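The sequence and structure are shown first.

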Amino acid sequence: MIATPRLILRAPVAADHAALWAMWRDPVVMADLGGAKDDAACAAVLARHAGYAPLGFGVVERRDSGAVIGHVGLKPGAAGTPIAGLLEIGWIVARPHWGSGYAREAAAAWLDWAWRHREEPAVHAITARRNAASRRVMERLGMVHVPTLDFAHPAHADDPALADTATYRIERP
């Protein structure tokens, strides 16, 4: 568990599933992440995230209310991409909590954790080039756009605008 002034970052439990599934079913939240998910896809995301737990991946809970508002953490870069196997950070925050700095606060806490507990020289992040909000979070975290690592994401080959992926990196301090 990691605590920040406003958040608790922790492993998910069964009671979190409804909040996570609601977020993954929201077409606005998921617009730059491949679209809203059905029940089977939500279950697959939960299973995939369970595999990331040893790297540092979990839910974002507001300290003041106990509400689960997203997920954030570290994972290996996806196969078939320029960051395959490299340490990647990712996040999603539910729409009612956008614009409050929660994604940056949670991601910054995981980056601090990574520098203390991981050996990698850098952490990467990717997003659809059109996802200006995530790109701003990356920049606020001190990440730098690495155009030579930009790519067409194979998971979105049927949607060229979504597949157009920007890659960011932050070096170990």
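I8 stands opposite E61 in β3. The strands β2 and β3 run antiparallel and are joined by four bridges; two strands are said to pair if DSSP finds at least two bridges between them. Helices (H or I, at least four residues) and strands (E, at least two) are DSSP runs, numbered from the N terminus. The model is a predicted one, in which local features need pLDDT of at least 70 and side-chain atom pairs count only at pLDDT 80 or more, while totals for chains, interfaces and linings use all residues. Residues are numbered from 1 along each chain as its sequence is written, and side-chain values use heavy atoms, with hydrogens and water left out.

Strand β3 (residues 57–62) also pairs with β4, in the antiparallel sense and over five bridges. Along this pairing, E61 stands opposite V68 in β4, and F57 has G73 as its bridge partner in β4. The two strands form a hairpin with five residues between them. In the turn, G66 has a positive phi of about 80 degrees. On its other pairing, β4 joins strand β5 (residues 87–93) in the antiparallel sense over seven bridges, with L74 opposite I89 in β5.

## Burial of β3 and β4

Buried means under 20% relative accessible area, exposed over 50%, and partly exposed in between (1.4 Å probe, protein chains only). Six of the six residues of β3 are buried, so β3 is largely enclosed by the rest of the structure. In β4 (residues 68–76), seven of the nine residues are buried, so this strand too is largely enclosed by the rest of the structure.

## Nonpolar cores

A nonpolar core is a set of buried Ala, Val, Leu, Ile, Met, Phe, Trp, Tyr and Cys residues joined through side-chain atoms within 4.5 Å. The largest nonpolar core has 32 residues, and those with the most contacts inside it are L9, L74, I89, W91 and V123. The elements giving two or more residues to this core are β2 (7–10), β4, β5, α3, β6 (122–128), α4 (132–140) and β9 (164–171). Helix α3 supplies the largest share of this core, 11 residues. A second, separate core of 13 residues includes W21, W24, C42 and V45.

Contact means heavy atoms within 4.5 Å. Not counting residues up to four places away in sequence, L9 touches M1, I2, V59, V60, V72, A106, A109 and W110.

## The tryptophan pair in α3

A search of the whole structure finds one aromatic pair. The rings of W110 and W113 have their centres 5.2 Å apart and their planes at 75 degrees, so the pair is edge-to-face. Rings of Phe, Tyr and Trp (its six-membered ring) pair if their centres lie within 6.5 Å; planes under 30 degrees apart count as stacked, over 60 as edge-to-face and the rest as tilted.

Both residues lie in helix α3 (residues 102–117), three residues apart, about one turn of the helix. W110 is buried, with a relative accessible area of 7%. W113 is buried as well, at 18%.

## H97

H97 is found in the loop between β5 and α3. This histidine is buried, with a relative accessible area of 16%. H97 touches R62, I69 and Y102, leaving aside residues up to four places away in sequence.

## The chain as a whole

The secondary structure comes to five helices and nine strands. From the N terminus on, the elements run β-β-α-α-β-β-β-α-β-α-β-β-α-β. Of the 173 residues, 49% count as buried. Among contacts with a separation of 6 or more, 60% come from residues 24 or more positions apart.

With 173 residues, a compact globule would have a radius of gyration near 16 Å; the chain has 15 Å, which agrees. This radius is taken over C-alpha atoms, and the globule rule is 2.2 Å times the number of residues to the power 0.38. The C-alpha atoms fill a box of roughly 40 × 40 × 30 Å, taken along the principal axes.
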